[in-house]
Structure formats: C-alpha cells, structure tokens
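I opened this model to look up strands, charged patches and salt bridges. These are my notes, in the order in which I took them.

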Amino acid sequence: MNRLCDSMEPKVMDDDMLKLAVGEQGPQEEAGQLAKQEGILFKDVLSLQLDFRNILRIDNLWQFENLRKLQLDNNIIEKIEGLENLTHLVWLDLSFNNIETIEGLDTLVNLEDLSLFNNRISKIDSLDALVKLQVLSLGNNQIDNMMNIVYLRRFQCLRTLSLSGNPISEAEDYKMFICAYLPDLVYLDFRRIDDHTKELAEAKHQYSIDELKHRENLMQVRLQDERARQEELEKHKTAFVEHLNGSFLFDSMYAEDSEGNKLSYLPGVSELLEAYKDKFVIICMNIFEYGLKQQEKRKIELDTFSECVHEAIQENQEQGKRKIAQFEEKHLSSLSAIREESELPNIEKMILECSADVSELFNELMMLEMQLVEQLEETINMFERNIVDMVGLFIENVQSLMAQCRDLENHHHEKLLEISISTLEKIVKGDLDEDLPDAPASLFVDKDTIVNAVGASHDIHLLKIDNREDELVTRINSWCTRLVDKIHKDEIMRNRKRVKEINQYIDHMQSELDNLEYSDILD
Amino acid sequence: MEVLREKVEEEEEAEREEAAKRAEWARTEKMMRPVEVRKEETTLTQEMLRDLEKKLSEIQIPISAELPAFTKDTIDISKLPVSYKTNTPKEEHLLQVADNFSRQYSHLCPDRVPLFLHPLNECEVPKFVSTTLRPTLMPYPELYNWDSCAQFVSDFLTMVPLPDPLKPPSHLYSSTTVLNYQKGNCFDFSTMLCSMLIGSGYDAYCVNGYGSLDLCHMDLTREVCPLTVKPKETVQKEEKVLPKKYTIRPPRDLCSRFEQEQEVKKQQEIRAQEKKQLREEEERLMEAEKAKPDALHGLRVHSWVLVLSGKREVPENFFIDAFTGHSYSTQDERFLGIESLWNHKNYWINMQDCWNCCKDLIFDLGDPVRWEYMLLGTDKSQLSLTEEDDSGINDEDDVENLVSLSSSRTEGMCVKASGSLTSVPSSVCVALAWLQQMSIGPTGTNILEIKEWYQNREDMLELKHINKTTDLKIDYFKPGHPQALRVHSYKSMQPEMDRVIEFYETARVDGLIKREETARTMTEYYQGRPDFLSYRHANFRPRVKKLALSSAESNPRPIVKITEQFFRNPAKPAEEDVAERVFLLAEERIQLRYHCRDDHITASKREFLRRTEVDSKGNKIIMTPDMCISFEVEPMEHTKKLLYQYEAMMHLKREEKLSRHQVWESELEVLEILKLREEEEAAHTLTISIYDTKRNEKSKEYREAMERVMHEEHLRQVETQLDYLAPFLAQLPPGEKLTRWQAVRLKDECLSDFKQRLINKANLIQARFEKETQELQKKQQWYQENQVTLTPEDEDLYLSYCSQAMFRIRILEQRLNRHKELAPLKYLALEEKLYKDPRLGELQKIFA
C-alpha cells in the first residue's frame, strides 16, 4: 500500500473543507448562482465526495443528516468513525485507505453499497446492521480465513462481492467455496457467476452446506418458537391475566415459602396439597379465560368506537373538502372577473364581496368543526362510560374469583394446622409411625413454633394472591385511564390541528385578496 | 268454425279492389321513373324540386307490393328424387284413406271448410300432409332447442304471403325445395320448423288455422322491438347499515317540519300532473297506433306450430309462429282458431268451438270428441285406447307402415355449412351478419336509430349504432383491434370534431381509456400508469394562418392550456404528490395543486410565473420569490428556498414540453386511427377461424401439405418394406415350410446376389470416375496444345469446365470411398437380417 502522497501533511475535515466541497459539488450554472446566494445547508446535501484529500480522521459529518452517498476513498483514514448520524446513507466508499477493522457502521441500516477495497482488513464482521447490503467490495485486503464467507450468509440481498487480492483468493477452492456458500450471489470479483459453476460448487460442497443449513434451520425454528411464545405472553399481558393459565401462581406461592415446603413432608399433607393445587389451578384457569374473553370484548368495543369516530371524521372532512372546492371554484371565477374589470369602484366592490365569501367559508368550516367536536365529545363520553363499566365489572369478577382462591387457602391453612397440631401431639406422645425428615422435624418443637410456621406460610400465600390481584387491578385501571386520556388528547389535538389548518387557509386567501388590492391600487 | 259465406264474398271483393289499387300504385311508380331520369338530365329549378317533392310525398310505397316470385315455374324439379314425382302403392292407399275420410267429414260437417289433407307438391303430385313432415335432427348443436330452431327458420327463409289469404295453399312444397329457394309461405315455414322440432324430440304439430292480420302478414309494427328493450337494471338494494353503537348523532335538524310537508305535497301534485299528462299522451299514441279493424278478421288462414308439453321438459303447451320465430301462449288472441293439425304420424281435426280464439281449446289429442283423428293407433291415444275396436287394431300396422314408408320420400333436409361464403345460411355460419333495427317513430316512417351487428370482421367491429335524430354514430369493437379500440362515437370522420374514442386500456402501453374531442378541446383519461397520470385536458386556439406557407408540414393548433391530473402516488407524501398541474401556455404560468393529506381538508398549492426579465443592472433574473406563490398546509423549510423552487420550475418546464408533445402525438394518433378506420371500412375483410378448415386457406394449404408429406412417407415406408427374399422364395413352391437345406441355399443365394449388386455398384462408380478423369485429361491436353491460340472466352469456358469436372470427380471419388466403407457393413447387416428372418427359421435351429 504505497501512498503517493506520503510526504503530504494529513488534512483535517473541518467546516471550510466541507463547505468548499459542498459548494463545488452543488448545483451548477443558474441554480449554482442561486445556491451561492442562499447558501446550502449541510442537511440538504445528498451526495458528498471527499477523495484524494489526505484525510486522516473522519469528522464533522454529523450535520449531513440526509446524505445518501459518501465518498471518502483515497485518503489515509485508519478507523471508521463519525458516521453514526448518517443513517440515510446508501452508498459508502472507503476504498484505498488504511482501515484495519470494520467498525462504526452499526447505525447505517440503509446502506446498500459498501466499498472497503484496498485496506488492511483481516476479518469480516460488525456488518450485522447492514441488512440491505447488496454490494460489498473487500478486494485487496488481508482476509485469510475462508470462514469469513460463512458470515456473509446472513445478507439476503447481497448480490455482488469482490474479494480478489486477499490471501483467501489464492486458495484453489476459493471460487467454488464462495459460490456454494453464497448461492444468491450473482457477481464475484466483477464477473458473473455462471449457472454451471454454481451447480458444480453446490455439488462439491453439498455435505457441509447441508449441515450448515440444518443448523441454521434449527436456529430459525428455535427463534420462531421463542417469538411465538413471547407473542402469546404479550397477548395475555394485554388481557392482564398472564401466567394464570396454569400453576404458575400456585408455584410462586410455594417458591419463597420454606415453612410450607417443610410442612409438605408431613403425612397426609401431600395429598391435601395435591387437591388444593388442583382446585387452585382450576380457579386460576377460570380467571384466565374470563380475562381473555373480557379482553376480546374490550377490543371489539374499542374497534367499533374508533371505526365510528373515524367514519365521522371522514364524513366531516368530505364535507369540508366539498365546501372548499365549491368556494374555490367561485373564488377563481370572481378573481378573474376582478382582473378583467377596469373600473375602480367596481373592483373594490367585488373585492369586498370576495372577502365576504372568504369569511363565510371560514364560518362554515368552523361550524362544521364545532359540530364534529360536539358529536365526538358525546360519543367519547359514552365510550368512556362503557369502558369504565367493563373494567369495573372485570375487576369485580376477578376479585370474587380471587376471594375463592383465598377461601381455598384459608381452608387449606386450617387443614394444615390441624394436621400439624395432631402431628405435634403425636410427636409429643411419641407414637409417630414414621420418622420425619430433618427439615420439618425442626419445626415440631412446640406448638407456638408450628403454629407460627403454618401461619407464616399462610401469610406468604395470601400475600402472593393479594399481590397478583393488586397487580391486575392497578394495571387494568391504569390502562383504562391511559386509554381514555389518549382518546381525549387525540381529539383535542385533532381539533387544534383542524382549526389551525382552517385559519391558515383563510389567512392565505385573505392575504391573497389583500395583495390583489394593493397591486390594483398600484396599477 | 263458423264460416260466413257472404262475408267471404265481400272480403274477396275487397281483396280484388285492393289488388287493383296495388296495380295502380305500381303504375304511378312507373310513371315516376321518367321524371327521375329527367332530373338527372336537366337542372331543376327550386320550384320543380318542390313540386317533385310534393308529388313524391304523395306516393305511398305499398308494403307488400312484390308478390310471390316463388311459383312452381321457377322450381327446377329435374333434380328431385323419383319419390317426389310418383306415389308408391302405399301412398296411394293412404291417399285413398284420406279421401274417404275427407268425404265422410264433409258429409258429417257440411258447414266446415274442406280439409287440408293432400295438397300437391312441387311436382304436381298429391301428397298427404303428414308425409311432407320429415323429422330431422340437425347436426349443429345450436339447432337443438326450439328457440334456436325457430330463429333459424325465420332468419333463413323469406316470407311469401299466401296466394289467397282465405284458403290454404293448393301446393305444399317439400322442405328440400323450400330450403333450396329460401322462400316460403306460412305452411312451408311451419312444415320445416315442425320437422326440425320433431327431429330434436319435441312433441310438435303443424297447425292449419286462422290468424290475425298482423300474424299472417308477419307485421311486427305493433310489437315492442326486442332490441330496444333495455335489460332491466337490477337495482341493488343498498343494505341499510345498522347504526353502530358509537355512531355519532346527526346534528339537530332545525328546519320546520310543516314547511317540509307542504313542499312534499306540492311536489307530489306536480308529479301527478305530469304523470297524467304523460298518460294522456301515451293513450293518444296508442290510439293512433292501434290497428284499423280488419274486415277479414277470423278468416285469414295461417299455419303455425304447436308444441305440446311433456317431451323435452316442455312444461306447457305453446305456439310458435314460424314467420317470426316467436313463441306465444295458447291463450294468445292473435291465434283465432284451429281447423286441423298434424304431425308426421297422424292428422287431427279440431271439433271444438273457436268462438273465443284458442283460449278454450283443450289439446288432449287422445280425446276423440274434441279431436277427430284420421289414422288409428298412433301414440297419441291417451283416451282412444279404451274405445278402440278390433278393426282399428288391424288397421294399425297398415297405417304405421303407410306413413312411415311414404314419409321417406321427403329427402332429409340438409343444411350445408360448406360452400362459398355467400351461400351459407345466415344462422349457421354467420360470416357477415347484419341486422337492422328500426324504431319507427309516431309518424310511422322515420327511422330513429339503426343498429348493425357484425361478426368475424378483421377490424373487430361488433356493433354499429346510428342514431338518426342526433346523427351520432357509435361503433363498438371487440378486443383485438390493432389500435385497441373499444368504442368510437362520432358524428363525422373529419378530425378535430366531436368524438369519443374508448380503448381497451390493458392493450395499450400508455393505459389510455378514453379520449374525448371537441373542436377546441381534447380530454384523455388514463388508468394504471407508472406516473399515475389519470387525466389530461388540452384547450386549443383556432389555427393561425401562417404567413409563409411552410411546405406541407402539419400546422398544429396552438395549445392554450393543458391540465393534467394524477392519482395519489402512495410512495410519496401527500404534500409532495402533485394532484393537478395546469400549464397555462399563453400566460406562461404553471399551477400546481397537491394531494390532500388524509387528515386534512385543504391541499397545498403552488403557482409559478415563468417570466424571464432583466433587472436594473442588466443581469438576467433567474429566480425571485415572487415568481413562485405557494400555499402550504404545513409550511416546510426547504420549500421556501429559491433553489428548490428553481429546480421545481425547471422540472416543470421540461414536463410542459413533454406534455405539449404528448398532446400533439395524441392528435396525430387520432388522425391515424381515423385513417385506419376508413381503410377498414372500405376493405371490411373477414377473419376466418383457424379451425374453419374449409375456408381458412392457410390452414387448408398446410393441411394438404401435411397430407402430402404423410402420403410420401407412407410410400417410402412401403418401399423400405420391400421383401428382399421375395424373388428367391418365388422359385420355391409356395406354402411349404423350408427345409434346412433350402434355407441355407436361399440365404447363400440372397447374400451372393447382394454381393454382386454391391460389386456392380462399385464398378459403376469406378467406371464413371475413370471416364471423367480421362475426359479431363484429354481436355487438359487439348488446352496445353492450343493454349496460345485460344480466345479469352474459350479459356473461360475451359476453366469453368475444369472446375466442374474436378467437382464431379471429387464427388465420385467420395461416393466410391463411401461405398467401399459401407459395402461390408451393409453385407453384414443383410446377413444378420437373414439370420433373424422368421421364414428362415431353419437356419437358426442349426446354429442354435
């Protein structure tokens, strides 16, 4: 990598340099004069060429937000940096530089063409973000491991690749390997891959490719499963009944309950626990199903509501558009009449008429809008009432089901206490049939201990149930309030926007009319 | 059927008078002719013209002036089969039976008209009517149902009125003759239709009866034209959308309900008034159109077809009028009575009273009280079975035979689809069918509109609709016109006039649907274009006369204004997506209107003034803020920039040029279309289906070529299958199995023969080769000797000879070599073949 201009001083990418480049590459001739007159903002620049400038460090590019094409070739850049803001970049040329690692490209999601020709890169990586990559040029680098090719399999749009001049291109299997591992590739090292080569390559590497594919497929399937599960959970969460379709709650009750676990070793408790669990899970399932059903209902309600509101707004807009169209037709004809009219008093009269028309239009449009606001308010209030009612009913029912859970727990608690005390008595009497394991045995010291232990377990369980219930209630309530707030806010925003729009339009019309007046007077 | 003799006489007199009148008209017509001739010769003054017009308007052209040209003199009977000219003994017998029956009938019912039993045929031979019916099933699937059969008969034959409207005809021609001449009276029509219907399985009968005047004269003026009856548009009931739960309440209606009611009442009154007027008008029209009472009502003889229910899933008895092909209910009051009816097996006489037309008739042919049959024991005997006596049964076979045998005399009707185009029956193979529809206005004579239908035209013209009142012509095309035309409506074929051309937009690259033209404007509608253009409207100014007439170059009309509209391009944001742009070319102004965003009611607008001026210092002003006036719904920063505006304007200028060009191109295209249409109209060539092997020349040639090739191939195969053993086997006694010795000898002989052949051939080639070489050598020698004295021509000759000889020698050499190479192979092949030959099986055994 001999640099012709080794002797030259590295230059800094400063504002002046960029301005100069933008000016040079900007519009030419008449448009150029205009551009000079006005100055070009960096964020309007779409393409920038900065080659052969001895740049050492990429810098100061953050203003070029809308840049599509950037050429930084034939410089002495050593590190890819400072490109984070150029998210619209499609074309990036960094060839003939001194780059050693690929980095700093993680935000360039729109990049399609990347050239890193003639650098010092030895490994292909850090390109994961470039999902749209089509052309990748990595020739004349120091890539020496064939496995780098496998990395490129993830780019589904990649069609053109150049790797000549790398150590790997010396390998005899080079072309076949690439063709086999990148079957969608069309051009390799500036040449079209013919079908024959493709077939040959495929045949040659079939075994390893198949294995690779199999692994990739497995990964894919796992990912999909994961995603499906996530979605399912997400759905349950929107219904506020996640994890209630099974023994999750029950298990969590016992997860932190050491005493309870210890007590489960007592004779007769395991059966009791089993029965208890079954009943508990059934109630949980009930809650779950009820929740889903209610969620469905709420969704339908919301959909109908938004549909109706949308329809109403559309209808209103149509009316508005019609009014404006009518007005414009009339306005145009009267304007042309004014232009043709020669007598001043007549003109004035006509202009007056016109402005009357404008204000009439304003009134009409505003009336339409006010009407809509009133109608929507009524509808929104109705919806609010209904949705709040629904949520209330849901909470009430869930609470009653939860109360059943609590009853079960109480019942279980009593039974457990009974068994515990009787066991204690037996232990005290010494006529216990079998030896207890150490863990529960430590509890059976005296009555207080055992009662406390059982009570603590009971408290933990109740706490868990209460927590779950509270969570559900708070979340659904907050959802409800947020929804209603959002609807109100949206409506207010809509109203403001419309009023602004109307005013703007009317102002424009009025000012146009005023201009006409002035020009007439001038004439 | 009550017949009043006196009345008949009266009517006959009236008829005669009418005929006299007709003759008079004809005379006047003849007289008119010289006048017309004179008109051509001399220039007429206005007065004369007016006079002529008056005279002409006085003349009424009689509707049925031409009388039957279809008389027996015109019929060529020489080609008809013998059965047409003579009667078989059985037929004679049948005729005798019929005569007997007729005598008995006239004796029993003296007040009824004589029966129509055995009219003469075209060869002046009396034939029983049932034998004239010949059930025929046409080989065309289109002619399988009664409606298409009736339509065919009515289309194919030309109606000729009865010579005497009050009597059945004296002659009844066979369907063969009728088909050949394509003319016939009502009896011919119904006989033919009946034959076809019975052939395709209907229970059909020929009816001899009485019809109304309209029916007998095939006068359809009082019928509603079926072509003007527009298909009733099925009004789809809008499903009333149930108000949803959250549908907004409509704003309160603040109008007075009382006032509304009053208004509605007033409207209703006005409407009622209008309706009344309309009805009165209609009634008046109806009155005017109503037929004058027919003096011969109930006496006009007519023949039609009766189809009885039962067979072919016919649910109800009905009549078919063979003239028009229309079906009528048996209750129809135009059918005034039935005298008798027959099918191919029997003959029935109506014994019921027809005072109330045919409304009360009961068509139970098995009921001998109502229907007197002539022959016993045909299948129509629901009732008569019980009443049959023995003698009848004896007769039965006889009768069956009589009818069935004699009926063979009518040759099967055969409608040929082949032959030249012109002689093809219209319904079967419509080559160039056109049908005119005339809606006759209240005055009775002026044509309101004409519709012409076409088929198989190369220019894909399907229907031509000419409206006589507005003079508007509309052509409809099927897909496939070279210019993708669909509808073309115009008043004149001159360019730059009012016209609308619709296209099949999918067949066009530019997606044009419709182009409307008036004298000053042209409007085009597009669909499915990548640039989303939907509409282009151009306004023209009248042509300015060029001072210097610059050759024959086209002088396009100057364009004043072009308006273009675009569909919404979903890829662009609404505020950058132009909805409409107007190029005001005269004012150098460009107006843009953008699409409206979904949640907005106003759209951005922009107006460019393309003025190029020079400022005070003499510099050209490129762009100033007042050159672009814009209203933006949501003001944006970058659009305020002059650069942006400048670029937009430059772009628009380019677009303007393109649009102008497009408009001119469209004009040129219209010219081209008009030219093409004129050429097509002049040529009107027909397309011939590739499946039509008889008429498609190309396919015919191809088929013939294929056949020839096949034939040759076949010949070649026969040749190759020549038996190589035949000459040798012939020496041996035939039929015997070969002994081993014989087989071996045969084989050897065959092989040696073949060897000799090969050697001979080789020798032949060798000899020719040597001969050629020698000749060449001789020639060369001669050339060497005379080289000096030769003229250039001789030398040329010699050289050309040499090259040809060399060529021949080379070829011979090649052939010889090839022969040498192949000969052993061929020899081996023959040996192998002989070895495998089944006839020399003996050989195999030895080697086996």
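The entries below go through the conventions, then the sheets, the patches and the salt bridges.

**Conventions.** I note that this is a predicted model, in which local features need pLDDT of at least 70, side-chain atom pairs count only at pLDDT 80 or more, and totals for chains, interfaces and linings use all residues. Residues are numbered from 1 along each chain as its sequence is written, chains are lettered from A and ligands numbered from 1 in the order in which they are written, and side-chain values use heavy atoms, with hydrogens and water left out.

**Sheet in chain A.** I looked up the strand order first. Eight strands form an open sheet of mixed pairing, in the order β1-β2-β3-β4-β5-β6-β7-β8 (chain A). The edges are β1 (47–49) and β8 (191–192) of chain A, each with a single partner strand, so one side of each has no neighbour in the sheet. I took helices (H or I, at least four residues) and strands (E, at least two) as DSSP runs, numbered from the N terminus. Two strands pair if DSSP finds at least two bridges between them. By that rule β1(A) pairs with strand β2 (residues 69–71) of chain A, in the parallel sense and over three bridges. Leu48(A) has Leu70(A) in β2(A) as its bridge partner.

**Strands in chain B.** I then followed strand β17 (residues 533–540) of chain B, where seven of the eight residues are buried. Buried means under 20% relative accessible area, exposed over 50%, and partly exposed in between (1.4 Å probe, protein chains only). β17(B) pairs with strand β16 (residues 521–526) of chain B in the antiparallel sense, over five bridges. Asn539(B) in β17(B) stands opposite Thr521(B). The hairpin of β16(B) and β17(B) has six residues between the strands, and in it Gly528(B) takes a positive phi near 65°. β17(B) also runs antiparallel to strand β18 (residues 559–566) of chain B, joined by seven bridges. There I found Gln565(B) in β18(B) as the bridge partner of Tyr535(B).

**Charged patches.** Patches are made of residues with over 30% relative accessible area and no salt bridge, with like charges joined within 9 Å and nonpolar side chains (Val, Leu, Ile, Met, Phe, Trp, Tyr) within 5 Å. Lys and Arg count as positive and Asp and Glu as negative, while His and the chain ends are not counted. The place of a charge is NZ of Lys, CZ of Arg, CG of Asp or CD of Glu.

- Negative: the surface patch gathers Asp194(A), Asp195(A), Glu199(A), Glu202(A) and Asp210(A). Helix α5 (residues 195–204) of chain A gives the largest share, three residues. I checked Glu202(A), which is in helix α5 of chain A and counts as exposed at 52% relative accessibility.
- Positive: the surface patch is formed by Arg757(B), Lys761(B), Arg768(B), Lys771(B), Arg815(B), Arg818(B) and Lys826(B). α16 (740–786) and α17 (792–836) of chain B each supply at least two of its residues, and α16(B) has the largest share, with four. Lys826(B) is in helix α17 of chain B and is partly exposed, with a relative accessible area of 37%.

**Salt bridges.** How many salt bridges does the structure hold over all chains? I noted 60. A salt bridge is a side-chain nitrogen of Lys or Arg within 4 Å of a carboxyl oxygen of Asp or Glu.

- Arg57(A) and Glu81(A) meet at 3.2 Å, N to O. Arg57(A) is in the loop between β1 and β2 of chain A and Glu81(A) in the loop between β2 and β3 (91–93), 24 residues apart. Arg57(A) is partly exposed at 48%, whereas Glu81(A) is buried at 16%.
- Arg557(B) and Glu667(B) have their closest N and O atoms 2.8 Å apart. Arg557(B) lies in the loop between β17 and β18 of chain B and Glu667(B) in helix α13 (residues 642–683), so the pair ties together parts 110 residues apart in sequence. Arg557(B) is buried at 3%, and Glu667(B) is buried at 11%.
- Glu656(B) and Arg660(B) form a salt bridge at 3.5 Å between the closest N and O atoms. They are four residues apart in helix α13 of chain B, which means about one helical turn.

Technical notes: Accessible areas come from the Shrake-Rupley method with a 1.4 Å probe; for residues, only the protein chains shown count as cover.
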